[in-house]
Amino acid sequence: MERSIPTFDSFKGVLRLPGDKSLAHRAVILAAIAGGVSVIGNLPQSDDVNSTIRCMEILGAKFVRISNHTVRVFGVRGELKTPEAPLDCGNSGTTMRLLAGLLAGADVSATLVGDASLSKRPMRRIAEPLRRMGADISTTDGHAPLVIRKRRHKLTALHHVNPIPSAQLKSALMLAALFTEGLTAVTEPSKSRDHSERLFAFTGLPVSAMGVKITLAGPARPRPFTLNLCGDPSSAAYFAAAALINAKGRIQCENVMHNQRRLGFYRAVKNMGADIRFDSTRQWGCEESCRITAKSSRLRGIEVKGRQALDSLDELPLLASLALFADGMTEIRGGKELRKKESDRIRATTLMIKTLGGEISELDDGWKIKGPQTLRGALIDPCGDHRIAMTASVIGTRVAGIRVKYSDVVKISYPQFFHQLDKLAKGIHL
């Protein structure tokens with residue numbers, strides 16, 4: 001589906017966002033193995049999260065919708081079922097990597113498959129430490145399909161030192177550790193997202209986090225829980241960005257997750273001179289939530305690298321787009337992992353900006369962009385990537401004539417994106 005993005009005279013309103021996608025995957029999995037009844041509220045209806053739900057249903061859990069965004073989960077009381085057919089993870093790398101750890105630990109024979117994009121993403125980094133724990137798991141030349149086979153012996157507790165920060169790898173090993181006798185530990189070079197540690201503790205699991213090292217004593221089973229998910233800060237970033245670059249922009253995003261590992265984008269744009277603030281911070285389940293307010297701003301070029309790049313990894317293409325409207329040079333480094341996402345996001349961002357008539361220097365791990373630039377409308381191919389489609393749409397709120405090809409790809413993470421974008425352009429509170 002091709003979609004034309006209208007430019008806006010103003011961009012104002014109050015927005016409530018669907019629950020955080022990263023936390024939702026983990027909540028669905030833990031609720032499914034908790035052995036009782038759990039309730040998850042503000043659950044995003046994204047294709048990725050639905051992939052995790054479908055897989056856990058096949059493995060024996062039952063999900064009952066109470067409302068559009070609330071689900072009651074009847075967890076598996078005994079062993080997980082052995083699936084009769086491959087488990088389809090769709091486009092969701094989180095689903096595949098987390099389930100690899102869960103199924104390896106639970107000793108369930110299964111094959112994990114995905115779409116063409118997911119089948120190109122690296123899986124060896126998950127399989128190798130699981131093999132060291134004793135799992136019988138194989139990849140297809142380092143990619144999906146992943147095949148997990150029943151084994152003769154229980155897994156062995158492991159201390160894994162990860163060469164790169166990876167919340168998905170850490171979480172996969174923690175899930176495997178739930179079925180392992182002894183203390184499993186994961187140490188990273190710097191701290192990755194900590195949603196799993198927070199949620200594990202929230203559900204009564206014996207997890208301990210000390211700086212860059214996390215440990216879990218197994219075997220253990222989570223207790224049933226009730227959790228209302230706070231809004232996704234990555235999704236909020238697109239609306240905040242649109243407010244910043246529009247002359248009459250002012251957006252309030254309510255009840256957004258306030259987790260330092262997820263706020264790198266917001267710290268970066270504040271360095272660019274953005275009028276953006278956080279208030280109403282409070283505890284919300286296993287996370288904190290806040291209100292984010294973003295207003296029209298004059299931006300300046302900055303350097304983004306290191307910890308800041310890691311904490312804004314998914315939003316780096318969006319930062320690159322804001323650099324087009326900023327005064328001076330912006331240099332973004334430290335994003336090499338972007339080349340292994342739904343698309344090669346570094347290359348896809350470069351192509352998008354050049355298609356719009358912009359100038360950009362592509363680096364192996366980021367870009368150099370000098371602004372402000374004069375752009376033209378064009379048809380953008382998001383390369384099958386929801387983040388690129390949404391980034392092009394943000395630019396389209398300022399630049400006339402931008403159209404997004406295959407715009408339905410946003411359903412991977414944010415099915416309501418275009419509906420909410422249009423409503424906010426009319427000043428309607430959501």
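This is a predicted model: local features need pLDDT of at least 70, side-chain atom pairs count only at pLDDT 80 or more; totals for chains, interfaces and linings use all residues.

**Entry 1: helices H1 and H2**

I began with helix H1 (residues 21–32) and H2, whose axes come within 9 Å and cross at roughly 10°. That makes H1 roughly parallel to H2, a label for angles under 35 degrees, with over 145 counted as roughly antiparallel, 65 to 115 as roughly perpendicular and the rest as oblique. Axes here are lines fitted to C-alpha atoms, for helices over the stretch in contact, and angles run from 0 to 180 degrees between N-to-C directions. Helices (H or I, at least four residues) and strands (E, at least two) are DSSP runs, numbered from the N terminus.

Residues are numbered from 1 along each chain as its sequence is written, and side-chain values use heavy atoms, with hydrogens and water left out.

Which residues make the contact between H1 and H2? From H1 I listed Lys 21, Ala 24, His 25, Val 28, Ile 29 and Ala 32. From H2 I listed Asp 48, Val 49, Thr 52, Ile 53 and Met 56. Contact means heavy atoms within 4.5 Å. By class, I found seven nonpolar, two polar and two charged residues in the contact of H1 with H2. Ala, Val, Leu, Ile, Met, Phe, Trp, Tyr, Cys and Pro count as nonpolar, Asp, Glu, Lys and Arg as charged, and the others, Gly among them, as polar.

**Entry 2: Ser 51**

I stayed on helix H2 (residues 47–58), where Ser 51 is found. Is Ser 51 buried or exposed? Ser 51 has a relative accessible area of 2%, so it is buried. Buried means under 20% relative accessible area, exposed over 50%, partly exposed in between (1.4 Å probe, protein chains only). I left aside neighbours within four places in sequence; Ser 51 is then in contact with Asp 88, Cys 89, Gly 90 and Thr 95.

**Entry 3: helices H4 and H5**

Next I looked up helix H4 (residues 124–132) and helix H5 (residues 167–177), which pack at an angle of about 30° with axes 10 Å apart. That makes H4 roughly parallel to H5. In the contact, H4 supplies Arg 125, Ile 126, Pro 129 and Leu 130. H5 supplies Gln 168, Leu 169, Ala 172, Leu 173 and Ala 176. I sorted the contact of H4 with H5 by class: seven nonpolar, one polar and one charged residues.

**Entry 4: two sheets**

I found an open sheet of four strands, in the order E6-E7-E9-E8, with mixed pairing. Its edge strands are strand E6 (87–88) and strand E8 (136–140), each pairing on one side only. Two strands pair if DSSP finds at least two bridges between them. Strand E7 (residues 110–113) and strand E9 (residues 143–149) run antiparallel and are joined by three bridges. Thr 111 has Val 147 in E9 as its bridge partner.

Another open sheet has three strands, in the order E1-E23-E22, and its pairing is mixed. E22 and strand E23 (residues 403–404) run parallel, with two bridges between them. Leu 379 stands opposite Arg 403 in E23.

**Entry 5: Leu 363**

I ended on strand E20 (residues 361–363), which holds Leu 363. Leu 363 counts as buried at 18% relative accessibility. Neighbours within four places in sequence aside, Leu 363 is in contact with Glu 331, Ile 332, Arg 333, Arg 339, Ile 346 and Lys 368.
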